[in-house]
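Please look over the sequence and the model shown here before reading on. The briefing that follows takes up pockets, cores and individual residues in turn.

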Amino acid sequence: MEMLAEPHGALSGRARVPGDKSISHRALMLAALAVGESRIRGLLEGEDVLATARALRALGVALARDAQGVWTVHGVGTGGLAEPEEVLDLGNAGTAARLLLGILAGHGFTSFLTGDASLRRRPMGRVARPLREMGAQILCRSGERLPLAITGCARLLPVVWRSEVASAQVKSAILLAGLHAPGATTVIEPLPSRDHTERMLAGMGAEVRTETVPEGIAVTVKGEIELAPRSFTVPADPSSAFFPAVAAAVSPGSEVLLEEVCLNPTRTGAYAVLAEMGAEIAIEDRRESAGELVGTIRVRGRALEAVDVAPERAPSMIDEYPALFVAAAFARGTSRFRGLAELRVKESDRLASMAEGLAACGVRCRIEGEDLFVEGGRPAGGATIDARLDHRIAMSFLVLGGLAQAPVRVRGAETIATSFPGFAELMNRLGARIRPLPETDAGEPS
Ligand code: S3P
């Protein structure tokens, strides 16, 4: 499906973007491992999370959704999943694939996992290696990629694993496997990545400890425990909210309120950068909900200035770089974003996707090693961008199209439904002009 974003004026209004993707995947998976019934409100019903729900059903978990959108999960207890008859197809969802591998590692049966062309390109070795060390057998396609087969083991060995990358998916996979191991399983990562798994496990009665060590951050979980079921509301996704936030921040005169957003500090780094660039960002109605900080983000548009973002900040804004690059394209001066190697292994190679797409929209930018330089100005737009099976690439260029001099067309925009169903409608309610194009409407945007 193609979508067109036409230039708009100032944005205004309030909106609640859909539920957080990371928390939604974990809510379903951990509820499936609890003993008893969990009820989850505000679950993200995007394709990625629905892939997790489908996989859990195939593994013998009963999940139901009522007319109000409340999901009920009948947990089977750790180690209680059943061998799936079918191949587990996780679509575009890296979190689903990697976290499920951690869980399947602790089950003594064989499962086959695959995904779409994007997921089949992504590295699974970073998860397969520690899980093998713990006792699972994992056979991957060349380059440790999907499709793969995993035969787990009901009693895994606890490990102390040093991860080279700060990755919440790697950390979570190991911690989830650790639930099936006696004693303590520890993951050490160089920088803190999002900690939703730890918070949720603690809320379900697990013993989880996080400490600073010379190599970085160590997280330890005690295995072979029973998880208690939990009922809660999933907060709005700060990564999804960042798209309207950027659109508002770039247009002076805009004022947008984004409600009930998860404000976990491991997720909000990009909002701090946007504020450093000169946008006015205020947090209101701050409160705690089910172990996570939640609040309303008020964004007022201003003329933005370029920034220089250090590599250590990457984990706290890893999914927001594409939209941040769009903000930088409208700022005064040249921005530098350092240490972006991890962007190369996301739903697409986001460093290449963004550099090429920005250039097509008339933005001068260059990649130097692991850094991206973006020269700000008033981008021309007027390009057609391929989403490359990457929801955040699609949304970033639709945001850019609304702010540029000429409309931007995005091919393959259906990928947005993986994380942000209703994106165009929500943006349009705030004043954007995004619409699907009929299949026959070929040619360059006028
Ligand atoms: C996620 C972790 C991050 C992030 C992804 C979601 C998670 O990936 O990019 O969108 O839910 O754990 P990495 O663990 O690969 O950094």
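On a 1 Å grid over the protein atoms alone, a pocket is an open set of points where a 1.4 Å probe fits, with protein on both sides within 12 Å along at least five of seven lines, and its lining residues have an atom within 4 Å of a point. Grid points are joined across faces, edges and corners, and a volume is the space filled by probe spheres set on the points. The model is predicted, so that local features need pLDDT of at least 70 and side-chain atom pairs count only at pLDDT 80 or more, while totals for chains, interfaces and linings use all residues. Residues are numbered from 1 along each chain as its sequence is written, and side-chain values use heavy atoms, with hydrogens and water left out.

**Pockets**

- The second largest pocket holds about 160 Å³ of space, and its lining includes H8, F330 and R378.
- With Ala, Val, Leu, Ile, Met, Phe, Trp, Tyr, Cys and Pro counted as nonpolar, Asp, Glu, Lys and Arg as charged, and the others, Gly among them, as polar, the lining of this second pocket divides into five nonpolar, five polar and one charged.
- The largest pocket holds about 590 Å³, and of its 39 lining residues A166, S167, I318, E342 and K346 are the closest to its centre.
- In the lining of the largest pocket there are 13 nonpolar, 10 polar and 16 charged residues.
- Domain 1 (2–19 + 235–436) and domain 2 (21–222) each give at least three residues to the lining of the largest pocket, the domain bounds coming from an automatic or database domain assignment.

**Nonpolar cores**

- A nonpolar core is a set of buried Ala, Val, Leu, Ile, Met, Phe, Trp, Tyr and Cys residues joined through side-chain atoms within 4.5 Å, where buried means under 20% relative accessible area (1.4 Å probe, protein chains only).
- The largest such core has 78 residues, and L274, M277, Y321, F337, F397 and F423 touch the most other members.
- Helix 7 (residues 238–250) gives this core its largest share, nine residues, helices being DSSP runs of H or I with at least four residues, numbered from the N terminus.
- Another core, of 71 residues, lies apart from it, with L43 and I174 among them.

**A helix and a residue**

- In helix 9 (residues 321–329), nine of its nine residues are buried.
- I150 is buried, with a relative accessible area of 0%, and I150 lies 5.5 Å from T110, C-alpha to C-alpha, although the two are 40 residues apart in sequence.

Notes: Buried < 20%, exposed > 50% of the residue type's maximum accessible area, 1.4 Å probe, protein only. Helix = DSSP H or I, 4+ residues; strand = E, 2+ residues; numbered from the N terminus.
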